[in-house]
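Trainee: Can you walk me through this one? I'd like to start with pockets.

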Amino acid sequence: MREKPPGRDQEWLEALFDLHATTVRAYAIRRVGHDAADDVVSEVFATAWRRRGAVAEPALPWLLRTAHHVIAHEKRSLARRLNVRDAVAGVAAGPAPGADSASRVLAESVLAQLAPTDAEILRLAAWEELTPAEIAVVLDLSDSATRSRLMRARQRAQKLLAEPSAAPSLRVVPQLQGDLS
């Protein structure tokens, strides 16, 4: 039987969960939605328990990197299942569901036009409010590479936002004045 690292017992895991579960869940919700987020959180903390000797301090970047890997694995699995289903049914994949607000639509539109790593770096910086050093841990990059990628990703996103075609066409409905009866 393998020996556990000193101080990494059930109390350690419970404290780790209490401290970071909400942040890991928010990270997962923004990437896979509410329905799958709890499964991601469970898998992340199960991995932390299995690999407790590898969990770095501070633990949050390590946990988010693990969530990133869990989500990527789930997306690949889902894509394979959907491809098999579509091949059997002879149906093409449909569009992704729409967003709730115009700003969300615009942000997703810009992120979709960026390289996947650029989009993820911007999500980690803006949505998760991670520092470049923490982003480097999550994406397994060097600090200097992360800083330069973050700067270039911001520049590319700003350039896309400045283009007139970047804004989705939103119809403005005029407000009617007075009684319609």
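Mentor: Terms before values. On a 1 Å grid over the protein atoms alone, a pocket is an open set of points where a 1.4 Å probe fits, with protein on both sides within 12 Å along at least five of seven lines; lining residues have an atom within 4 Å of a point. Points are joined across faces, edges and corners, and the volume is the space filled by probe spheres set on them. This is a predicted model: local features need pLDDT of at least 70, side-chain atom pairs need 80 or more, and totals for chains, interfaces and linings use all residues. Numbering runs from 1 along each chain as its sequence is written, and side-chain values use heavy atoms, without hydrogens or water.

Trainee: What volume does the second largest pocket have?

Mentor: About 290 Å³. Of its 12 lining residues, Val32, Ala36, Glu74, Lys75 and Leu78 are the closest to the centre.

Trainee: Which element gives the most to that lining?

Mentor: α3, with 6 residues. Helices here are DSSP runs of H or I, at least four residues, numbered from the N terminus.

Trainee: Switching to Arg31. Buried or exposed?

Mentor: Arg31 counts as buried because its relative accessibility is 15%; the cut-off is under 20%, with exposed over 50% (1.4 Å probe, protein chains only). Arg31 sits in helix α1.

Trainee: What does Arg31 touch?

Mentor: Not counting residues up to four places away in sequence, its contacts (heavy atoms within 4.5 Å) include Lys75, Glu120, Trp127 and Glu128. A polar atom of the Arg31 side chain also lies 3.1 Å from the backbone oxygen of Tyr27.

How values were computed: Helix = DSSP H or I, 4+ residues; strand = E, 2+ residues; numbered from the N terminus. Polar contact = N/O pair within 3.5 Å; in protein donor to acceptor, adjacent residues only side chain to side chain.
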